[in-house]
Amino acid sequence: MQNPLNDRQQAMIPIAALTACGDMTRLTTALHEGLDAGLTVNEIKEVLVQLYAYCGFPRSLNGLGCFMSVMNARQAQGIVDDEGKASTPAAAGWDSLAAGRDTQTALVGRTVSGPLFDFAPAIDTYLKAHLFGDIFQRDVLDWPARELATISALAAIPGAESQLKSHFAISHHNGITSEQLQAFIAVLSATCSSDMAANANAVLAQFLAETAKS
């Protein structure tokens, strides 16, 4: 049976997950395999940059440093990789907060609010203005690809099950099918760890069960 995730999607999963858990040795291999699978240099950079919002600057910077070393090694071997398109600059007068509010609402399928954001309004502003406004407007990756990178990273972070389930829902809302989410688990198991995949699979099962009831 053909995998419902294409080669480029499958290659993105371990890049994001191994960056989030800090496994630079296996990330090196995953980065080579990602380029060989057809991911562009700018697409991989975009994944690694976005991940700072989910697993912190240290992991993101380490991932970018690892990728820089991989690129240097490939160039020394005479390998020419596709740079890919750069992000279109934001329009003049870009309002990150307003745009981010609209993007978040479109991604989730409803306006996002709640007691946590009332308790700490600054985090709501940062999420809307920077993550969904500044980062998600960059068109190097489309929203499904960004969500695939996000669930990959969250699956690698112990204790992030609630956020992972939320992003399974966002992924599903943005066109990632149940079959693709199940294939995502299989790729995690094959490229990262069986424990990571088992934990993510339990969260996915809960999400799918709740979806079936709604």
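Residues are numbered from 1 along each chain as its sequence is written, and side-chain values use heavy atoms, with hydrogens and water left out. Because the model is predicted, local features need pLDDT of at least 70 and side-chain atom pairs count only at pLDDT 80 or more, whereas totals for chains, interfaces and linings use all residues.

The largest nonpolar core contains 58 residues. Such a core is defined as a set of buried Ala, Val, Leu, Ile, Met, Phe, Trp, Tyr and Cys residues joined through side-chain atoms within 4.5 Å; buried means under 20% relative accessible area, exposed over 50%, and partly exposed in between (1.4 Å probe, protein chains only). The members that touch the most others are Ile-15, Phe-67, Phe-168, Phe-184 and Leu-188. Helix 1 gives the most to this core, with 8 residues. Helices (H or I, at least four residues) and strands (E, at least two) are DSSP runs, numbered from the N terminus. With neighbours within four places in sequence left aside, Ile-15 is in contact (heavy atoms within 4.5 Å) with Leu-27, Ala-30, Leu-31, Gly-34, Leu-39, Ile-44, Val-47 and Leu-48. In soluble globular proteins, nonpolar side chains tend to be buried together.

Helix 3 (residues 41–50) is largely enclosed by the rest of the structure, because 8 of its 10 residues are buried.

The largest pocket holds about 770 Å³ of space. On a 1 Å grid over the protein atoms alone, a pocket is an open set of points where a 1.4 Å probe fits, with protein on both sides within 12 Å along at least five of seven lines, and lining residues have an atom within 4 Å of a point. Grid points are joined across faces, edges and corners, and a volume is the space filled by probe spheres set on the points. The lining of the largest pocket comprises 24 residues, with Phe-117, Leu-127, Phe-132, Gln-163 and His-167 nearest its centre. At least two lining residues come from each of helix 4 (52–55), helix 6 (96–108), helix 7 (115–119), helix 8 (121–135) and helix 10 (161–173). By class, 16 residues of this lining are nonpolar, 7 polar and 1 charged; Ala, Val, Leu, Ile, Met, Phe, Trp, Tyr, Cys and Pro count as nonpolar, Asp, Glu, Lys and Arg as charged, and the others, Gly among them, as polar.

The second largest pocket holds about 160 Å³. Its lining has 14 residues, and Gln-10, Ala-11, Pro-14, Val-187 and Thr-191 are the closest to its centre. Helix 1 (7–21), helix 2 (24–36) and helix 11 (178–191) each supply at least two lining residues, and helix 11 gives the most, with 5. The lining of the second largest pocket divides into 8 nonpolar, 4 polar and 2 charged residues.

A search of the whole structure finds 0 disulfides (pairs of cysteine sulfur atoms within 2.5 Å). For Cys-55, the nearest cysteine sulfur is that of Cys-21, 9.4 Å away; Cys-55 is buried, with a relative accessible area of 16%. For Cys-192, the nearest cysteine sulfur is likewise that of Cys-21, at 6.5 Å, and Cys-192 is buried at 6% relative accessible area.

Phe-136 lies in the loop between helix 8 and helix 9 and is buried, at 3% relative accessibility. Residues up to four places away in sequence not counted, Phe-136 touches Gln-50, Tyr-54, Thr-103, Leu-107, Leu-131, Trp-143, Arg-146 and Glu-147. The C-alpha atoms of Phe-136 and Arg-146, 10 residues apart along the chain, are separated by 8.0 Å.

His-130, in helix 8, is partly exposed at 34% relative accessibility. Beyond its neighbours within four places in sequence, His-130 is in contact with Tyr-52, Thr-125 and Ile-135. Gln-180 lies in helix 11 and is buried, with a relative accessible area of 14%. Its contacts, with neighbours within four places in sequence left aside, are Pro-4, Leu-5, Gln-9 and Gly-175. Asn-72 is found in helix 5 (residues 57–76) and is partly exposed, at 47% relative accessibility. Asn-72 and Val-187 are 115 residues apart in sequence and 27 Å apart in space, C-alpha to C-alpha.
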